[in-house]
Amino acid sequence: MEDSRSDDPNLNPIRNRNPNPTPNPLSTIISSAQVWPTIDGPLGLTEEASVDYARRFYKFGFALLPWLWFVNCFYFWPVLRHARAFPQIRNYVVRSAIGFSVFTALLSAWALTFSIGGEQLFGPVYDKLVMYNVADRLGLSGLA
Amino acid sequence: MDRNQRPRSIIDSLGEELIAILTPVSICMFTVVLLVCILNSDPSSSSSASFSSIATAAYSESDSDSSWDKFVGAFLNSLVFVAAITVATFVLVLLFYLRCVKFLKFYMGFSAFIVLGNLGGEILVLLIDRFRFPIDCITFLILLFNFSVVGVFAVFMSKFSILVTQGYLVWIGVLVAYFFTLLPEWTTWVLLVALALYDIAAVLLPVGPLRLLVEMAISRDEDIPALVYEARPVIRNDSRLVQRRVWRERRSSQNDNDDIEDRTNRNEVVRVVRSAEVDEERVGSSERAEISVPLIDRRPDQVENSETFLEGIGLGSSGAIKLGLGDFIFYSVLVGRAAMYDLMTVYACYLAIIAGLGITLMLLSVYQKALPALPVSIMLGVVFYFLARLLLEVFVVQCSSNLVMF
């Protein structure tokens, strides 16, 4: 079923980034001068649903899911760009971005230490931890 | 009237919509060919498949059999496989009839997690092993876990970033297709042809399970949750702006004795993905229906899981073209199997499949109902593969070794 129509030729279907400092009430999706909170523009969520989404993703990301935080920031990219438009969503998205950066910094610090340090730094523990040895031990790499 | 506009709108923006559906298909095929070339170039890997699945249940090919034996064995394998798929589809129809939609959705999410985590993890381990990449297991597990869980969100939730969902669907297609290319050679080719024939039967015959599913969905005006790739709807300036993007995801499975955890990779069974999608769109009411066929996965200890992907091609309610994930998978299997011979056959099969897809899209715009997307492309692909292998290669090799061409 097709829900609504817009005849505005200015409506960019893929990424709507029309800057608009005054957000309209989102119960009717008609005006083309509206800023959409999601990166999909008019195909994405409405603002009320977005708050719920952003909050849920933010909370789920604490289960060791920095990638979810990143997807959250990616999806709500217009919220980050237009600073004043969506205060509630922005709260969660900014916190997701911070969480993602912190987690990535920690994880990459560990991964880089491991891969660059190698055997010299870790000694025998290196052989126990490195993935291809673990795979060999568990028989994972001999598929076909 | 709108009814007259709809056929025109397809043809008007046909180029844009065609690219929107050809790009992910090409990416999927390209990735599978890349994986095949990288992971199969190791000469120490054994040629006999230590790989059991439902598709090799009747006969496992060995190098010493005669051609006729191999052909008969492959034929039996395909029969078993298609029979299993038919049974699974009918179970799916039954479940949908009994309105167990929540169960289907839950199982779909669960299967997505298994495919992404398990098959994805295996592919990544194979790649790490091949390149001796110095990653440690903790980081690897965290990354894999992240990837899988977000993938489950992407296929499970209806409103999610279009790009991310499309990416994950293509990636799931790549994973399953790669595992299908590990089947023995004769079995693969006969299986592809058998599935193309099955697709025609299931979608177009009145007693076909996919058609039943579609009709049920239409009569109830419900969505069938299934794994379908939907191209981003094109919003044209002159026509109506479609607000709703419809994603349908579904997986259904039959679990006898579910024993996912202690599966070993040596006996890893490839899931077979089969689906058909029937999509009917009428202007004005924009009703949609989808058919899906189960994905079957059987372990040696007779655990049977099935998932459904949608295959076949249709139109979304937003006018965007929808292609079932099973189509992605089997196109990629064909091209991947061609890649195991030579890149020349890859080019030939790729062009054949794209041509078949184009023909199917044109038929779609003519008939305005859901069509099976497999038959034309698979038939063209198989014909071109054998022509290229038997005739073209000799010609090209002679020409280039005598410096006549290339």
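User: Which way does α7(B) cross α11(B), and what makes that the right word for it?

Analyst: In this predicted model, α7(B) passes α11(B) in a left-handed crossing. The term applies when the near helix is turned anticlockwise from the far one by less than a right angle.

User: How do you know whether α7(B) and α11(B) are roughly parallel or roughly antiparallel?

Analyst: Look at the packing angle. Helix α7 (residues 185-204) of chain B and helix α11 (residues 374-401) of chain B pack at about 150°, their axes being 8 Å apart. Anything over 145 degrees counts as roughly antiparallel, so that's what α7(B) and α11(B) are to each other.

User: Which residues make the contact between α7(B) and α11(B)?

Analyst: On the α7(B) side you'll find, among others, Trp189(B), Leu192(B), Val193(B) and Ile200(B). Those of α11(B) include Ile378(B), Met379(B), Tyr385(B) and Phe386(B). By class, the contact has 14 nonpolar residues, no polar ones and 3 charged ones.

User: Switching to charges: what makes Asp52(A) and Arg55(A) a salt bridge?

Analyst: Distance does it. Their closest N and O atoms are 3.7 Å apart, and the cut-off is within 4 Å. Both residues lie in helix α1 (residues 47-60) of chain A, 3 residues apart, which is about one turn of the helix.

User: Why is Asp52(A) called partly exposed?

Analyst: Its relative accessibility is 35%. Buried would need under 20% and exposed over 50%, so Asp52(A) lands in between as partly exposed. Arg55(A), at 29%, gets the partly exposed label too.

User: What about Arg132(B) and Asp129(B): are they buried, partly exposed or exposed?

Analyst: Asp129(B) has a relative accessible area of 19%; the limit for buried is under 20%, so Asp129(B) is buried. Arg132(B), with 43%, is partly exposed. Their side chains meet in a salt bridge, N to O at 3.0 Å.

User: How do you know that Glu215(B) forms a salt bridge with Arg211(B)?

Analyst: The closest N and O atoms are 3.4 Å apart, and a salt bridge calls for within 4 Å. Glu215(B) and Arg211(B) sit 4 residues apart in helix α8 (residues 209-220) of chain B, about one turn of the helix. Glu215(B) is partly exposed at 39%, and Arg211(B) is partly exposed at 25%.

User: How many salt bridges does this rule give over all chains?

Analyst: The count comes to 4.

Definitions and conventions
Residues are numbered from 1 along each chain as its sequence is written. Chains are lettered from A and ligands numbered from 1 in the order in which they are written. This is a predicted model: local features need pLDDT of at least 70, side-chain atom pairs count only at pLDDT 80 or more; totals for chains, interfaces and linings use all residues. Side-chain values use heavy atoms; hydrogens and water are left out. Axes are lines fitted to C-alpha atoms, for helices over the stretch in contact, and angles run from 0 to 180 degrees between N-to-C directions. Helices (H or I, at least four residues) and strands (E, at least two) are DSSP runs, numbered from the N terminus. Angles under 35 degrees count as roughly parallel, over 145 as roughly antiparallel, 65 to 115 as roughly perpendicular and the rest as oblique. Contact means heavy atoms within 4.5 Å. Ala, Val, Leu, Ile, Met, Phe, Trp, Tyr, Cys and Pro count as nonpolar, Asp, Glu, Lys and Arg as charged, and the others, Gly among them, as polar. Buried means under 20% relative accessible area, exposed over 50%, partly exposed in between (1.4 Å probe, protein chains only).
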